[in-house]
Amino acid sequence: MPRYEFRCRACGDTFEVNRPMAEAGAPADCPQGHADTVKLLSTVAVTGRGGGSAAGGAPAGPSGGGCCGGGCGC
């Protein structure tokens, strides 16, 4: 189940809530009981070896940045 991070505007506490993605936008009360909270933007990190990696963990295929880095075919 995804974990979402919130910050309380009243006390400044940062806390996490586990909930289904369908409820991602629902408000959350802080553990201190305040209702004035805001959902924080979080980064997602995916680690491990997937099927798309070449030997040594390097990405398979062309690499580079932006559109003309080889990925779009232009």
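How much space lies in the largest pocket? The volume comes to about 170 Å³, where a volume is the space filled by probe spheres set on grid points that are joined across faces, edges and corners. A pocket is here an open set of points on a 1 Å grid over the protein atoms alone, where a 1.4 Å probe fits, with protein on both sides within 12 Å along at least five of seven lines. The structure is a predicted model, in which local features need pLDDT of at least 70 and side-chain atom pairs count only at pLDDT 80 or more, while totals for chains, interfaces and linings use all residues. Residues are numbered from 1 along each chain as its sequence is written, and side-chain values use heavy atoms, with hydrogens and water left out.

The protein chain contains three strands and zero helices, in the order β-β-β from the N terminus. Strands (E, at least two residues) and helices (H or I, at least four) are DSSP runs, numbered from the N terminus. Of the 74 residues, 14% count as buried, that is, under 20% relative accessible area with a 1.4 Å probe, protein chains only. The accessible surface, by the Shrake-Rupley method with a 1.4 Å probe, is about 5,600 Å², and carbon and sulfur atoms account for 53% of this surface.

The lining of the largest pocket consists of Pro2, Arg3, Tyr4, Glu5, Lys39, Leu40, Leu41, Ser42, Thr43, Val44 and Ala45; lining residues have an atom within 4 Å of a point. Strand β1 (residues 3-8) contributes the most to this lining, with three residues. By class, the lining holds six nonpolar, two polar and three charged residues, with Ala, Val, Leu, Ile, Met, Phe, Trp, Tyr, Cys and Pro taken as nonpolar, Asp, Glu, Lys and Arg as charged, and the others, Gly among them, as polar.

One aromatic pair is present in the structure. Phe6 and Phe15 form this pair, which is stacked, at 5.8 Å centre to centre and 15° between the planes; rings of Phe, Tyr and Trp (its six-membered ring) pair if their centres lie within 6.5 Å, and stacked denotes planes under 30 degrees apart. Phe6 counts as buried because its relative accessibility is 3%, and Phe15 is buried at 8%.

Thr37 lies in strand β3 (residues 37-39) and counts as buried at 17% relative accessibility. Beyond its neighbours within four places in sequence, Thr37 is in contact (heavy atoms within 4.5 Å) with residues including Phe6, Phe15, Ala28 and Cys30. Thr37 and Gly12, 25 residues apart in sequence, are 9.1 Å apart, C-alpha to C-alpha.

Methods:
Buried means under 20% relative accessible area, exposed over 50%, partly exposed in between (1.4 Å probe, protein chains only). Rings of Phe, Tyr and Trp (its six-membered ring) pair if their centres lie within 6.5 Å; planes under 30 degrees apart count as stacked, over 60 as edge-to-face and the rest as tilted.
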